[in-house]
Amino acid sequence: MTAKFIVLEGLEGAGKTTALKFITAWLQQQQIEVVSTREPGGTVIAEKIRTLVKQAVANEPLTLMSELLLMYAARVQNTDVIIKPALAQGKWVISDRYFLSSFAYQGGGRQLEIAAIQAIHQACLGEFKPDLTLYFDIEPELGLSRAKGRGALDRFEQQHLDFFIRTRQVYQKCLAKDDTIVEINAGLAIEQVNAQLIKALQTLLLSLQSQLQP
Ligand code: T5A
């Protein structure tokens, strides 16, 4: 079976990390070998970058362009060290966030020029992209209240609501333009979210089976 690359996207508290565990277990039940990763992070070096971007440093703001470049540095590391080798070995890969996060957060939230992000993206990843992106759509207030329930907020979670409204708008625009992105209504109870996930995964498996038929 051809290995697939699945990405989970959405605002804070949308339920991506919770879903990653569910999807991994579901795919393993179908006898599919799965490697999971996250962004920023996944490798030792990329996890160090994650710490850098998530924590504020006293008296030195991280510039917007530095933030974007650090996200892409972590992404290239994750892609070359974990994602591509696993796919080449026939393992499926699930990533908690990938490049859509940069377009949504740095392009939407931070309002960096999309053309600049596209140029960096092209230099770093070329045409490489996920086979399926599950976009967890949630009202920012609800997502943030779930994230707050977990404890101290990071540098992103401390942004004003407007930041997350703009971020969500970019996600929704991308969803409308790309049929490899599937929307999950993340505001529902976990059982209802899981039912939507199973449907999307079954559709992916069916399309794979029909491609393999002579
Ligand atoms: N970032 C990242 C960028 O700006 N640019 C980039 O290019 C990249 C890659 C990463 C930050 O970096 C930014 C975006 C982020 O701000 P992160 O911690 O990896 O930070 O990502 P978050 O999305 O912030 O992680 P969260 O853990 O907050 O969100 P999740 O993973 O979507 O939510 P999850 O599963 O942990 O659930 C949160 C809580 O809600 C509960 C869970 O039990 C948990 O307590 N929950 C539900 N409750 C009710 N109903 C449901 N359906 C629920 N699903 C989960």
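An oxygen atom of the ligand lies 2.5 Å from an N or O atom in the side chain of Arg 97, a polar contact in the sense of a pair of N or O atoms within 3.5 Å, where within protein one atom must be able to donate a hydrogen and the other to accept it, and residues adjacent in sequence count only if both atoms are side-chain atoms. The model is a predicted one, in which local features need pLDDT of at least 70 and side-chain atom pairs count only at pLDDT 80 or more, while totals for chains, interfaces and linings use all residues. Residues are numbered from 1 along each chain as its sequence is written, and side-chain values use heavy atoms, with hydrogens and water left out.

Arg 97 itself is placed in the loop between strand S3 (92-96) and H4, where helices (H or I, at least four residues) and strands (E, at least two) are DSSP runs numbered from the N terminus. Its phi is near 80°, a positive value in a residue other than glycine. With a relative accessible area of 13%, Arg 97 is buried; the word buried means under 20% relative accessible area, exposed means over 50%, and partly exposed covers what is in between, with a 1.4 Å probe and protein chains only.

Around the ligand there are 27 residues, of which Thr 17, Thr 18, Arg 97, Ser 102 and Arg 150 come nearest; a residue is near a molecule or strand if one of its heavy atoms lies within 4 Å of it. The side chain of Thr 17 has an N or O atom 2.5 Å from an oxygen atom of the ligand, and a polar side-chain atom of Arg 50 is found 3.0 Å from a ligand oxygen atom.

Next come the open spaces of the protein. Rolling a probe the size of a water molecule over the atoms shows where empty space is left. On a 1 Å grid over the protein atoms alone, a cavity is a set of points where a 1.4 Å probe fits but cannot get out, whereas a pocket is an open set with protein on both sides within 12 Å along at least five of seven lines, and lining residues have an atom within 4 Å of a point. Grid points are joined across faces, edges and corners, and a volume is the space filled by probe spheres set on the points.

The largest pocket holds about 720 Å³ of space, and of the 34 residues that line it, Glu 12, Gly 13, Lys 16, Thr 17 and Arg 97 are the closest to its centre. Two or more residues of this lining come from each of helix H1 (16-29), helix H2 (44-54), helix H3 (64-88), helix H4 (99-109), helix H6 (140-148) and helix H8 (190-212). By class, the lining of the largest pocket has 13 nonpolar, eight polar and 13 charged residues, where Ala, Val, Leu, Ile, Met, Phe, Trp, Tyr, Cys and Pro count as nonpolar, Asp, Glu, Lys and Arg as charged, and the others, Gly among them, as polar.

The second largest pocket contains about 420 Å³ of space, and among its 20 lining residues the closest to the centre are Phe 99, Leu 100, Phe 103, Cys 174 and Lys 177. Strand S1 (5-10), H4, helix H5 (114-125) and H7 each give two or more residues to this lining, which divides into 10 nonpolar, five polar and five charged residues.

Lys 16, one of the residues closest to the centre of the largest pocket, lies in helix H1 and is buried, with a relative accessible area of 6%. Leaving aside neighbours within four places in sequence, Lys 16 is in contact (heavy atoms within 4.5 Å) with Leu 8, Glu 9, Gly 10, Leu 11, Asp 96, Arg 97 and Phe 136. Although Lys 16 and Ser 95 are 79 residues apart along the chain, their C-alpha atoms are separated by 9.5 Å.

Another buried arginine is Arg 168, at 15% relative accessibility, in helix H7 (residues 161-177). Its side chain makes a polar contact of 3.0 Å with the side chain of Asp 137.

In the loop between H1 and S2, Gln 31 counts as exposed at 71% relative accessibility, and its phi is near 65°, a positive value in a residue other than glycine.
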